[in-house]
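User: I am new to this structure. Can you walk me through how its sheet is put together?

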Amino acid sequence: MSRARAKKIKLLLFDVDGVLTDGKIVLFPAPPGCEQTTQAEAHRHADAGGYAIASSTMVEAKGFHAHDGTAISLARLAGIRMGLITKRISETVALRARDLRLEHVRQGISDKLATFEEILRQEKLTAAQAAFVGDDVIDLPVMRRCGLAIAVPNARPEVHRAAHFVTQHAGGDGALRDAVEYILRAQGKLEEMVERYLSERQPTKTAPKE
């Protein structure tokens, strides 16, 4: 059943902490002159707690896995739209999202289902055509609504029970790569996308001189 669901996917959305990362939040002093474009939004949620570190002198650091970056490139080659929905607001996430050229970046979101529905309307897709990768209870409303719910091994038990598929690798250790490969394999596109990915990165071959 999960493979049949995966065949329909045209949009893949995911959480950040615990999915793209191992869930740990590390704070560092901000380097002098460091521009933090997310601070206005962080200060807007400062009294709520759990959204962001509202400080111009500290940076919230996270670790990302290179395999997940490649996964996003493979998915894009296959025509799958990508995006993240996360409650926390982080300059680190904003930088990584720009690096990966994600189509949808939503930080500071506590009602992930409403944002999920908004993205579906923007993309003119149905819920059955969307997948979501989550790890904690805040992700459950979207996972119960989307066509393919994916959990990471380090997810909470409730999230595992809601999932149609559980990745082999943990969050921050290539979980998104597992999700993308599962979808592309179900759609019969994985090998083709890998070859396209490689061909785009090979240097142009010049004809031998006579």
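User: Which residues of strand 7 point one way, and which the other way?
Analyst: This is a predicted model. L148, I150, A149 and A151 are all buried. A149 and A151 point one way from strand 7. The other way point L148 and I150.

User: In strand 7, which residue is the bridge partner of V133?
Analyst: Strand 6 and strand 7 run parallel, joined by four bridges. The chain gets from strand 6 to strand 7 through helix 6 (residues 140–145), in a right-handed β-α-β crossover. The bridge partner of V133 in strand 7 is I150.

User: What is the bridge partner of I150 in strand 8?
Analyst: Strand 7 and strand 8 are parallel, with two bridges between them. In strand 8, I150 has the bridge partner F165.

User: In what order do the six strands of the open sheet lie, and which stand at the edges?
Analyst: The pairing is parallel, and the order is 5-4-1-6-7-8. Two strands have a single partner strand each, so one side of each lacks a neighbour in the sheet. These edge strands are strand 5 (104–106) and strand 8 (165–166).

User: What angle does the direction of helix 8 make with that of strand 1?
Analyst: Strand 1 (residues 11–14) pairs with strand 6 (residues 130–134) over four bridges. Helix 8 (residues 175–186) packs on the sheet and touches strands including strand 1 and strand 6. Its direction and that of strand 1 make an angle of about 160°.

Note on methods
Residues are numbered from 1 along each chain as its sequence is written. This is a predicted model: local features need pLDDT of at least 70, side-chain atom pairs count only at pLDDT 80 or more; totals for chains, interfaces and linings use all residues. Side-chain values use heavy atoms; hydrogens and water are left out. Two strands pair if DSSP finds at least two bridges between them. Contact means heavy atoms within 4.5 Å. Axes are lines fitted to C-alpha atoms, for helices over the stretch in contact, and angles run from 0 to 180 degrees between N-to-C directions. Buried means under 20% relative accessible area, exposed over 50%, partly exposed in between (1.4 Å probe, protein chains only). A crossover is right-handed if, with the strands pointing away from the viewer, the path from the first strand over the helix to the second runs clockwise.
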